[in-house]
Protein chains: 2
Amino acid sequence: MLKPEILDPQGQAVQRALPRLGFEGISDVRQGKRFELEVEGPVDDAALARIREMAETFLANTVIEDFVVRVDEPAGATS
Amino acid sequence: MLKPEILDPQGQAVQRALPRLGFEGISDVRQGKRFELEVEGPVDDAALARIREMAETFLANTVIEDFVVRVDEPAGATS
């Protein structure tokens with residue numbers, strides 16, 4: 001996501017369009033990117049550290065963007 | 001996110017670049033969009049239903065995209 005101090009014209013356009021489309025009660029909209037990475041093997045601390053490095057070095061532009069790494073179970077996982 | 005059956009050239013480009021950059025062990029990358037909506041008042045079932053309708057009617061293109069609505073506490077929330 002763009003850092004809070006960075007203007008987000010796309011999000012602002014969405015926010016301005018909402019009341020016109022009948023949706024009230026949304027005070028802010030920010031638009032960002034999302035990457036889904038499928039990891040081979042276990043998602044342990046080492047894998048997470050590598051993924052954070054990946055995000056920092058080239059998935060995100062950390063001059064203007066923040067990022068969060070979140071682990072999701074694959075659909076249909078049994079454990 | 002793009003539906004699984006829809007080609008994602010951006011994600012593929014990222015995936016192909018990873019080994020070249022020294023990151024191994026990622027079997028798939030998909031790139032998508034993410035919107036952060038700040039809601040006035042409680043995020044109850046009615047608010048969530050409205051947000052789902054918003055996502056379906058104009059934040060996502062449901063012909064080619066799936067979407068998930070997730071509730072996050074605001075940073076610094078006390079409850």
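Helix H1 of chain A, in this predicted model, buries A:Gly11, A:Val14, A:Ala17 and A:Leu18. Here buried means under 20% relative accessible area, exposed means over 50%, and partly exposed lies in between (1.4 Å probe, protein chains only). Seen down the axis of H1(A), these buried residues fall within an arc of 125°, so they line one face of the helix; the arc is that of the directions from the helix axis to the C-beta atoms. On the face of H1(A) turned away from its buried side sit the exposed residues A:Pro9, A:Arg16 and A:Arg20. Helices (H or I, at least four residues) and strands (E, at least two) are DSSP runs, numbered from the N terminus.

After H1(A) comes A:Gly22, whose phi is positive, near 95°.

What covers the buried side of H1(A)? The cover includes S1 of chain A, together with S1 and helix H2 (45-59) of chain B. H1(A) and H2(B) pack with their axes 12 Å apart, at an angle of about 110°. Axes are lines fitted to C-alpha atoms, for helices over the stretch in contact, and angles run from 0 to 180 degrees between N-to-C directions. The two helices H1(A) and H2(B) are therefore roughly perpendicular to each other (angles under 35 degrees count as roughly parallel, over 145 as roughly antiparallel, 65 to 115 as roughly perpendicular and the rest as oblique). A:Val14, A:Ala17 and A:Leu18 of H1(A) make the contact with B:Met54, B:Phe58 and B:Leu59 of H2(B), where contact means heavy atoms within 4.5 Å. By class, this contact has 6 nonpolar, no polar and no charged residues. Ala, Val, Leu, Ile, Met, Phe, Trp, Tyr, Cys and Pro count as nonpolar, Asp, Glu, Lys and Arg as charged, and the others, Gly among them, as polar.

Now to helix H2 of chain A, residues 45-59, in which A:Ala47, A:Leu48, A:Ile51, A:Met54, A:Ala55 and A:Leu59 are buried. Down the axis of H2(A), the buried residues fall within an arc of 115°, so they line one face of the helix. The face turned away from that buried side carries the exposed A:Asp45, A:Ala46 and A:Thr57. Covering the buried residues of H2(A) are, among others, strand S1 (26-39) of chain A and, from chain B, helix H1 (9-20) and strand S1 (26-39). The axes of H2(A) and H1(B) come within 12 Å and cross at roughly 110°. That makes H2(A) roughly perpendicular to H1(B). A:Met54, A:Phe58 and A:Leu59 of H2(A) meet B:Val14, B:Ala17 and B:Leu18 of H1(B) in this contact.

Two single residues complete the picture. B:Gln31, in strand S1 of chain B, is buried, with a relative accessible area of 12%. By contrast, A:Pro4 counts as exposed at 66% relative accessibility, and is found in the segment before H1 of chain A.

Residues are numbered from 1 along each chain as its sequence is written, while chains are lettered from A and ligands numbered from 1 in the order in which they are written. In this predicted model local features need pLDDT of at least 70, side-chain atom pairs count only at pLDDT 80 or more, and totals for chains, interfaces and linings use all residues, while side-chain values use heavy atoms, with hydrogens and water left out.
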